[in-house]
Amino acid sequence: MNNKELLKIAEEARKHSYSPYSKFRVGAALLTKDGKVFTGCNVECASFGATNCAERTAIFKAISEGYRDIEAIAVASDNSEKNESTYPCAICRQVIIEFGLDIRIITGYSEGTIEETTIKELVPHYFSGIDFVNNHK
């Protein structure tokens with residue numbers, strides 16, 4: 001699956017967003033290394049701390065189905081159709097790092113500019129499970 005196809009799936013997932021407070025819809029499409037796709041959207045709550053981002057929704061769906069080998073995550077927001085990129089928030093970045101430093105992050109607009117980076121490039125000074133294990137021997 002190419003970046004454009006994965007981003008189109010994220011754009012479609014965005015339509016399911018529950019975002020009555022921010023009015024900012026976000027969709028994500030996660031691609032596993034064996035080709036399975038999991039989608040997610042942001043789900044807001046009046047108690048903002050209980051809100052869940054699209055990226056984490058997709059990750060949690062994949063993990064709950066037994067998939068941990070993540071290849072890429074595409075992110076689409078209401079800014080996508082303006083040909084603007086939306087990147088994962090800091091909490092999502094930390095969750096993504098949990099499953100690999102080389103996970104590709106794809107953002108932009110499927111009919112416009114598409115950008116690709118890795119989670120390690122987005123968070124060069126990351127804290128991961130390896131740091132935790134090394135500090136607790």
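Phe48 sits in the loop that runs between strand 2 (37-41) and helix 2 (54-64). The model described here is predicted. With a relative accessibility of 59%, Phe48 counts as exposed, because the cut-off for that class is over 50%. Phe48 also belongs to a nonpolar surface patch, together with Tyr18, Tyr21 and Val43. The accessible area of these residues together is about 440 Å².

**Largest pocket**

The largest pocket has a volume of about 180 Å³. It is lined by 16 residues, and the closest to its centre are Phe24, Val26, Asn42, Cys53 and Glu55. Sorted by class, the lining holds nine nonpolar, five polar and two charged residues.

**Salt bridges**

Side chains of opposite charge can pair when their charged atoms come close. Across the whole structure, a search finds eight salt bridges.

| Pair | N to O distance |
|---|---|
| Asp78 and Arg25 | 2.9 Å |
| Glu71 and Arg104 | 3.5 Å |
| Arg104 and Glu116 | 3.3 Å |

Asp78 and Arg25 meet through their side chains in a salt bridge. Asp78 is placed in the loop between strand 3 (70-77) and helix 3, and Arg25 in the loop between helix 1 (3-14) and strand 1 (26-32), so this pair ties together parts that are 53 residues apart in sequence. Asp78 counts as partly exposed, at 21% relative accessibility, and Arg25 also counts as partly exposed, at 30%.

Arg104 takes part in a salt bridge with Glu71. That pair links distant parts of the chain, with Glu71 in strand 3 and Arg104 in strand 4, 33 residues apart. Glu71 is partly exposed at 28% relative accessibility. Arg104 has a relative accessible area of 17% and is therefore buried, the limit being under 20%.

Arg104 lies in strand 4 and Glu116 in strand 5 (residues 114-118), so the pair ties together parts twelve residues apart in sequence. Glu116 is partly exposed, with a relative accessible area of 45%. Elsewhere, salt bridges that share partners join Arg14, Arg25, Asp78 and Glu81 into one network.

**Leu101**

Leu101 is found in the loop between helix 3 (90-97) and strand 4 (104-108). Its relative accessible area is 23%, so Leu101 counts as partly exposed. The C-alpha atoms of Leu101 and Leu122 are separated by 9.9 Å, and the two residues are 21 residues apart along the chain.

Key: Residues numbered from 1 in each chain as written. Predicted model: local features only at pLDDT ≥ 70, side-chain atom pairs only at ≥ 80, totals over all residues. Heavy atoms only, no water. Patch = residues over 30% accessible without salt bridge, like charges linked within 9 Å, V, L, I, M, F, W, Y side chains within 5 Å. Areas by Shrake-Rupley, 256 points an atom, 1.4 Å probe, with all protein chains shown as cover. Salt bridge = Lys/Arg side-chain N within 4 Å of Asp/Glu carboxyl O. Helix = DSSP H or I, 4+ residues; strand = E, 2+ residues; numbered from the N terminus. Buried < 20%, exposed > 50% of the residue type's maximum accessible area, 1.4 Å probe, protein only. 1 Å grid on protein atoms, 1.4 Å probe; cavity = no way out; pocket = protein on both sides within 12 Å on 5 of 7 lines; lining within 4 Å. Points joined across faces, edges and corners; volume = space filled by probe spheres on them. Nonpolar A, V, L, I, M, F, W, Y, C, P; charged D, E, K, R; others polar.
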